[in-house]
Amino acid sequence: METITIALKDYNVILGDALQILDAYLESEAYQEEEVYFLVDENTKEHCLPRMKGWTEKARLIEIESGEKNKNIFCCNQIWQKLLDFKTGRRGLLINLGGGVIGDMGGFCAATYKRGIDFIQIPTTLLAQVDASIGGKLGVDFDTVKNAVGLFKNPRLVIVDPVFLNTLPPRELKSGFAEVLKHALIADAQSWEYLSSCGPTQHISWDKIIYESLLVKKQVVEQDPFERSLRKVLNFGHTIGHAIESYSLENDTDPLLHGEAIAMGMLMESYLSVEKMGLSEQAVAQIENYIMGNYPNYEIPESAFVYLLDCMQNDKKNERKEINFSL
C-alpha cells in the first residue's frame, strides 16, 4: 500500500508497510540494537512478529499473556522486571506490537520506567489502529475500573499496517469496527451512511476506512489533547459500555470484547440521546438496526444494575459525583 503520514504535533502516525517504516525510522535515530525491545503476547508473537523480519532474531522480547484480564499492575510488574533484567537504560526503546492491551500497558510501562523511555506503537488490531493509536492515552485497569491508573504520554511514532488485520478472527474485526462506527456517528455522517450499508467483516477498503477514522480522532485530539472538553465526544458509548465490559469480565466465562460492549453502550446512549438531547427516532432506529444485526444480543439481568451504576460512578468524565455521558 501507499505510505501515508498523518502528522500530529509531537509525532507521526504512518500508514504503510510496518517493517519498512520501522527500519527507516531506526536508521534515522541513534538507538542501539541491544536496547530495542518488542512487547508481544502469545498471539502477536506467533502471527505478527514474523512480519518484522530481521528484528525477529535480533530484538529482545518481552512476552505477556493476552486479554483485558491481564491489563493490570501485576502484569506491569513483569514488564518492568524484564526491563531491569535487560539492564535497560534511559535510551531504551520499547516497541509495542499488539492490540489495545499491549499499547495501553506497554506505553504506560515505558512512560514510567526510570521516569520514561521512548516507545513506538505498532497496533495490530482494528480497534487499536483506529482508536488507541492517536491521543497518547496510556494505563491499566484497577479494581474492576477500566483505565483507572494511567497518564498521557505520546509515543515517538505510530505505525499502522492494515496487513495485520489478516491475522484477526471475524469477532475481533467486528469489535474494532465498533470504534470505526463511533467516529462516523460523532463526526462523519457520510462515512456512517457508507459503513451502515455494509457488514463489519465484508471485503471493504481497510486503508480508506482506517485513514478516515484516524482523521476524525486527529481533529478532535488536536483541539483538546487532555480531554478537558471536546475530546469527551470520543467517549460516546463508553460510559455504559465500559461498565458492561467490566461486568462481563467479572461474570462470563467467555467475556465480551471491548468493541462488543461499546456497541451496546452506543445503542443505550442513543436512547438517552433521544430522551435528553432530541436525537430523532429515525436516527436511533438506524443505529439500533445495525448494532442489533451485527453484535451479540447480550442480556443484562436486573440484579446487575447496582454493579453497573457503581462502575459508572467511577467514570473519568464524571464531575461533582454526577455521571456524565457523551450524547
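**Exercise 1. Characterise the second largest pocket by volume, lining and composition.**

Solution. The second largest pocket has a volume of about 430 Å³. A pocket here is an open set of points on a 1 Å grid over the protein atoms alone, with protein on both sides within 12 Å along at least five of seven lines, and lining residues have an atom within 4 Å of a point. Grid points are joined across faces, edges and corners, and a volume is the space filled by probe spheres set on the points. The model is predicted: local features need pLDDT of at least 70, side-chain atom pairs count only at pLDDT 80 or more, and totals for chains, interfaces and linings use all residues. Residues are numbered from 1 along each chain as its sequence is written, and side-chain values use heavy atoms, with hydrogens and water left out.

Next, the lining of this pocket comprises 18 residues, and Leu185, Ile186, Phe236, Leu279 and Ile287 lie nearest its centre. Helix 7 (170-187), helix 8 (189-195), helix 11 and helix 12 each supply at least two lining residues; helices are DSSP runs of H or I with at least four residues, and strands are E runs of at least two, numbered from the N terminus. Helix 7 gives the most, with four residues.

Finally, the lining divides into 13 nonpolar, four polar and one charged. Ala, Val, Leu, Ile, Met, Phe, Trp, Tyr, Cys and Pro count as nonpolar, Asp, Glu, Lys and Arg as charged, and the others, Gly among them, as polar.

**Exercise 2. Determine how helix 11 and helix 12 pack.**

Solution. Helix 11 (residues 258-277) and helix 12 (residues 281-294) pack at an angle of about 165°, and their axes are 10 Å apart. Axes are lines fitted to C-alpha atoms, for helices over the stretch in contact, and angles run from 0 to 180 degrees between N-to-C directions. The two helices are therefore roughly antiparallel, a class for angles over 145 degrees.

The residues in contact (heavy atoms within 4.5 Å) include Met266 and Tyr271 in helix 11, and Val284 and Ile291 in helix 12. Those of the whole contact divide into nine nonpolar, one polar and two charged.

**Exercise 3. Describe the second largest cavity.**

Solution. A cavity is a set of grid points where a 1.4 Å probe fits but cannot get out. The second largest cavity has a volume of about 50 Å³. Among its lining residues are Val180, His183, Asp188 and Glu212. Helix 9 (206-223) is one of the elements that supply at least two lining residues, and the largest share, four residues, comes from helix 9.

How values were computed. Parallel < 35°, antiparallel > 145°, perpendicular 65-115°, else oblique.
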